[in-house]
Amino acid sequence: MSDPGSDRSIVVHIDADACPVKDETYRVAGRYGLHVYVVANSFISLPREPWIERVVVSDRFDAADDWIAERARPGAVVVTSDVPLASRCVKAGAEVLAPTGKPFSESGIGLALATRNLMQDLREAGAVTGGPRPFSARDRSAFLGALDRTVMRLKRGGFG
């Protein structure tokens, strides 16, 4: 098990409210001996493992995002579909994955933020009434592969 307090340890932060890949994250983290922080603004049931830690933050707007962003660093993996949070974490040097397995990167985060803001404006204007497509088994599989590749890349880079 990696020491979550070490600057060279790999830790995983899950933006847990409505995250569909918590179990998959636990599976990969358990295989590699990683510490997982499950961050939410309400109680979430977790497996009883010493390496999975529940973090319940206040119900203040963006409290979970702020907690995660303040701890994002090189060697951290953040799982979120929240584009503004992803942007903050990428800027801090963390690896950021969406639940679909799509990585957020420095080169693509600007476009992701612009697209998110455009879609929000269109929804507010009533031009777009649907949400994202349903989460699929293919998304789940893509996430598992992406998380595994991310952890392996970090280990090769001297984290662990």
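A: A residue is called buried when its relative accessible area is under 20%, exposed when it is over 50%, and partly exposed in between (1.4 Å probe, protein chains only). The structure discussed here is a predicted model, in which local features need pLDDT of at least 70 and side-chain atom pairs count only at pLDDT 80 or more, while totals for chains, interfaces and linings use all residues. Residues are numbered from 1 along each chain as its sequence is written, and side-chain values use heavy atoms, with hydrogens and water left out.

Q: Is Arg 140 buried or partly exposed?

A: Arg 140 is partly exposed, because its relative accessible area is 30%.

Q: How many salt bridges does the structure hold?

A: Side chains of opposite charge can pair when their charged atoms come close. A salt bridge requires a side-chain nitrogen of Lys or Arg within 4 Å of a carboxyl oxygen of Asp or Glu. The structure holds six salt bridges.

Q: Which residue meets Glu 24 in a salt bridge?

A: The partner of Glu 24 is Arg 140, at 3.0 Å from N to O. This pair links distant parts of the chain, 116 residues apart: Glu 24 lies in helix H1 (residues 22-32) and Arg 140 in helix H5 (residues 137-156). Helices (H or I, at least four residues) are DSSP runs, numbered from the N terminus. Glu 24 is buried, since its relative accessibility is 6%.

Q: With which residues is Asp 66 linked in a network of salt bridges?

A: The network joins Asp 66 with Arg 60 and Arg 88. Between Asp 66 and Arg 88, the closest N and O atoms are 2.9 Å apart. Asp 66 lies in helix H2 and Arg 88 in helix H3 (residues 83-91), so this pair ties together parts that are 22 residues apart in sequence.

Conventions
Helices (H or I, at least four residues) and strands (E, at least two) are DSSP runs, numbered from the N terminus.
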